[in-house]
Amino acid sequence: MTTDCTPQQLEFQGVGRRRVVASFDGGTLSSDGGALLLGEVERRRGILRQFAACFHDRRHPALIEHRVEELVRQRVLGLALGYEDLNDHDVLRSDPLLATLAGKADPTGSDRRNKEDRGKPLAGKSTLNRLELGAQTQDRYRKIALDEQAVDRFLVDVFLSAYEQAPASIVLDLDATDDPLHGEQEGRFFHGYYGDYCYLPLYVFCGSHLLCARLRRSNLDASAGAVEEVERIVDQIRSRWPEVTITLRGDSGFAREQLMAWCAQHGVEYVFGLARNARLQRALGAELAEARALSEASGQAERIYKDLTYSTRKSWSQSRRVVGKAEHLPKGSNPRFVVTSLRPEVWAAAALYEQLYCARGEMENRIKEQQLCLFADRTSTHWMKSNQVRLWFSSVAYILLDELRRLGLAGTDLARARCDTIRIKLLKIGAQIRVSVRRVCVCLASSYPYAALFTQVFEQLRAGPAAIG
């Protein structure tokens, strides 16, 4: 019996007398030619190199074919390019372009030890899976361990190094979100608000910069662990920028005595949403009536702001400034409240709510971007620790694309584009790959419609200095 090696031909709708046929026999081609830009981001910022340094490799050096940094690069670049599943890498492992970007000395894989691996320069799914599971246990079979504290420091260091000089003030956004689970993962609980079994990760952003992504069980308060995370982040920031003014911002889930008291003790300002109650609404009664009268007269939404001094009956240790928004919409009353340490002479009530507090919605967009575009919710291993590693891989992929956006897309039409838009327009380019002794030649598609933009982004990335170390 002989094996038929002829590629299967797929016949499509013809054009006139011409048949249209297709088969997967084009040779060394890639659909990810634009990934070269991610290589330029890495050259300039060294993000993947720094992240790989958080892993400790206890494997025997003589038996290693894939260095930890190569594995980390392969996994993160795969996520950035849209390959969420480890199974994808059993095919991707033959891609010479991805191998080049992962740092492989021989992107053809012709130097592999085992005959069956030759022509496959990259790691397969099993090797990458061991990289993720190594964080779960320290037994003799887990040879690659991850220093979690080093990852925490790395995320903040990348943010700090993005500035040439210290800013006068920064706002740190805190938020919790649901990470739905579809199996029997460790730490799985039902969350009544989200109506599903999920994790409840805590995120900290500063603008578009990701500073913390902490996976948590969902049977916790939204603010659980926030004081500890904020304390280490603030300490690390102030060690570099001792004079910077820091403001925390979050929804009502973070308006907790412990966090607000910590801010007061450490010179950190805050503005948090505050859940409305009967006492607060009574205090805003006159303003709500006035807003209603204005809305009925104009037929549009009307709002009036009021400064209050307020304290809970039991949970707060002192009275605090609360800004109430008396808003009336065509469909009814919509009172809202925030609690803040900021003084009225610095931030008037309307500006505090509309300009400072409402800007936190941008952080929610960044979280959605990471979950929807970079697969942060792909926490499908059994253990929480290895799922935390997956969340960090997704986080680093987000940082890589965000740095491409910040450094390469400034001044272009894609300066504020989402990660998936950047991927489709700049990274997904058909390319032919030719590898010789002296170079890797990437021939990008001649019909690529954004060639001028691609060249502009490349030149902006090359204009910056390479990362040190």
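User: Two strands pair if DSSP finds at least two bridges between them. In this predicted model, how many residues lie between strand 18 and strand 19 in the hairpin that they form?

Analyst: The model is a prediction. In it, strand 18 is joined to strand 19 (residues 440-444) by five bridges, and the two run antiparallel. Since at least two bridges are required for a pair, these strands qualify with five. The number of residues between them in the hairpin is four.

User: Which residue of strand 19 is the bridge partner of Ala 431?

Analyst: Strand 18 covers residues 431-435 and also pairs with strand 3 (residues 29-30), in the antiparallel sense and over two bridges. In that pairing, Ala 431 is the bridge partner of Ser 30. Towards strand 19, the bridge partner of Ala 431 is Leu 444.

User: Which residue of strand 9 stands opposite Pro 180?

Analyst: Strand 7 pairs with strand 9 (residues 196-199) over two bridges, in the antiparallel sense. Within strand 9, the residue opposite Pro 180 is Cys 198.

User: What span is expected for helix 13 at 1.5 Å a residue?

Analyst: Helix 13 comprises residues 361-374, a run of 14 residues. The expected span is 1.5 Å times one less than the number of residues. From first C-alpha to last, helix 13 reaches 19 Å, which is close to the expected 20 Å.

User: Is helix 13 roughly parallel or roughly perpendicular to helix 14?

Analyst: Helix 13 packs against helix 14 (residues 384-408) with the axes 10 Å apart and at an angle of about 110°. Angles of 65 to 115 degrees count as roughly perpendicular. Helix 13 is therefore, relative to helix 14, roughly perpendicular.

User: Which residues of helix 13 make the contact with helix 14?

Analyst: The crossing of the two helices is right-handed. On the side of helix 14, the contact involves Leu 391, Ser 394, Ser 395, Ala 397, Tyr 398, Leu 401 and Arg 405. The buried residues of helix 13 include Arg 366, Glu 369, Gln 370 and Leu 374. The contact residues of helix 13 are Arg 366, Glu 369, Gln 370 and Leu 374.

User: Which residue with a positive phi follows helix 13?

Analyst: Helix 13 spans residues 361-374. The residue that follows, with a phi near 65°, is Phe 375.

Notes. Residues numbered from 1 in each chain as written. Predicted model: local features only at pLDDT ≥ 70, side-chain atom pairs only at ≥ 80, totals over all residues. Heavy atoms only, no water. Buried < 20%, exposed > 50% of the residue type's maximum accessible area, 1.4 Å probe, protein only. Axes fitted to C-alpha atoms, helices over the stretch in contact; angles between N-to-C directions. Parallel < 35°, antiparallel > 145°, perpendicular 65-115°, else oblique. Left-handed = near helix turned anticlockwise from the far one by under 90°. Contact = heavy atoms within 4.5 Å.
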